[in-house]
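Please look through the structure below from the whole chain down to single residues.

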Amino acid sequence: MQLTADLTGRHVLVAGARDEARRVVRRYRAAGAVLRTVSRPDHFTPDLLNGAVLAVVVSADDGGWPALAQACGAHGVLLAREAPAAPGGRVTLVGGGPGTEDLLTVGAQQALREADVVLFDRLAPHRNLSTLAPGAELVDVGKQPGHHQVAQRDIERLMVEAAQAGNNVVRLKGGDPFVFGRGGEEVAACAAAGIPVSVVPGVTSAVSVPAAAGIPVTHRGVSHLFTVVSGHQPLSDAEHVHLAGLGGTVVVLMGIGTLPQLIAGLRRAGMRPDMPVAVVERGYSDSQRTTVSTLAGIVTAAGAARVKSPAILVIGEVVRLAAGCEAGAGRLADLAEAVGA
Ligand code: SAH
């Protein structure tokens with residue numbers, strides 16, 4: 001059973017060893033409660049419950065603190081039990097999805113709830129973190145495009161140091177940690193420092209941002225494969241030829257800066273000039289915007305619309321399926337018919 005209560009100004013007693021109870025203490029303090037703490041059962045005296053509305057026992061053992069439990073019964077004070085914080089520091093890499101809280105997984109929400117420190121990125125859902133991670137210190141390590149190198153090393157250092165100090169650290173990243181997220185490097189940094197590390201996958205923008213614009217990355221009879229490419233560096237001509245030769249959907253992340261090179265490369269590699277292309281900016285935000293054109297027209301269209309990062313580029317026939325694009329949703333049936341699906 002879950003209850004919601006306003007604890008502002010209410011007295012709460014937290015019972016448990018200091019290290020084990022620290023997150024619980026921080027969470028109740030953040031909720032505005034006035035705290036009293038007791039760290040050992042033999043230090044408990046019933047007067048500690050005077051004026052308290054709630055006692056929280058932090059113990060691995062369900063039957064721990066019997067005298068306190070008995071006194072709660074006698075004084076009509078609510079008793080809650082919580083598991084202690086795991087001993088020693090650890091790191092959880094959490095995929096936060098494309099920026100909206102709606103797409104945080106249950107696992108991500110749980111990791112945030114249990115965090116002592118959250119290091120979060122610019123593209124992760126971070127607006128409501130003080131509620132999602134009530135016991136945590138929040139650290140903005142948001143990187144601006146083009147300033148990666150030093151920041152990444154600093155982030156890894158911060159993460160490892162916070163865990164070495166005994167904290168439960170959540171590294172909250174945009175999308176999925178292992179899709180161009182440098183998650184692998186962060187796992188390696190933890191492993192090198194002997195810090196236990198786990199990963200909670202997230203909803204990647206590579207699939208969800210096209211979806212936000214009504215574009216399915218695959219569609220029966222239209223595209224049976226999709227390739228996700230980083231546009232951070234220009235591709236080689238061999239890569240352009242491979243991409244053009246695949247015949248499926250191409251999804252490009254971090255591709256705004258290298259858009260002209262990519263489009264020129266795909267045209268040289270023989271991709272049709274009338275191939276539909278969409279740029280979806282700021283997916284899931286109030287200012288989400290989709291610009292639709294063709295391979296031949298997208299550089300001019302993107303320039304005219306002044307498209308900016310963060311944005312996802314989608315190249316392929318599936319773009320025609322987007323509701324609201326010029327061809328419209330009605331094209332879906334025509335297209336499927338044309339290809340005999
Ligand atoms: N790990 C992330 C990707 C990190 S690379 C993931 O799985 O989604 C950062 C790039 O992701 C941005 O440059 C942009 O191309 C894309 N991106 C992430 N969130 C986005 C959003 N809400 N709207 C548009 N593009 C987004």
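Of the 341 residues of the protein chain, 43% count as buried, where buried means under 20% relative accessible area, exposed means over 50% and partly exposed lies in between, with a 1.4 Å probe and protein chains only. This is a predicted model, in which local features need pLDDT of at least 70 and side-chain atom pairs count only at pLDDT 80 or more, while totals for chains, interfaces and linings use all residues. Residues are numbered from 1 along each chain as its sequence is written, and side-chain values use heavy atoms, with hydrogens and water left out.

The secondary structure of the protein chain comes to eleven helices and 14 strands, which are DSSP runs numbered from the N terminus (H or I and at least four residues for helices, E and at least two for strands). The radius of gyration of the chain is 26 Å, well over the 20 Å that the globule rule gives for 341 residues, so the chain is more spread out than a compact globule; this radius is taken over C-alpha atoms, and the rule is 2.2 Å times the number of residues to the power 0.38. Along its principal axes, the C-alpha trace spans about 80 × 45 × 35 Å. Among the contacts with a separation of 6 or more, 64% are between residues 24 or more positions apart, a contact being heavy atoms within 4.5 Å.

Helix H3, residues 106-113, has Ala108, Ala111 and Leu112 as its buried residues. These three cover an arc of only 100° around the axis, which puts them on the same side of H3; the arc is that of the directions from the helix axis to the C-beta atoms. In an α-helix there are 3.6 residues a turn, so residues three or four places apart point the same way. The partners against which the buried residues of H3 pack are strands E5 (90-95), E6 (117-120), E8 (168-173) and E9 (197-200), together with helix H4 (129-132).

After H7 comes Gly214, whose phi is positive, near 85°.

Strand E11, residues 249-253, holds Val252, which counts as buried because its relative accessibility is 3%. Leaving aside neighbours within four places in sequence, Val252 is in contact with Val229, Ser230, Gly231, Leu262, Ala311, Ile312 and Leu313. Thr227 is 25 residues away from Val252 along the chain, and the C-alpha atoms of the two are separated by 8.3 Å.

Some backbone details remain. Most residues other than glycine have a negative phi, and most peptide bonds are trans. Met254, in the loop between E11 and helix H9 (259-268), has a positive phi of about 55° although it is not a glycine, and at 33% relative accessibility Met254 counts as partly exposed. Arg306, found in the loop between H10 and E14, likewise is not a glycine but has a positive phi of about 50°; at 66% relative accessibility, Arg306 counts as exposed. Pro310 has its place in the loop between helix H10 (298-305) and E14, and the peptide bond from Ser309 to Pro310 is cis, with omega near 0°.
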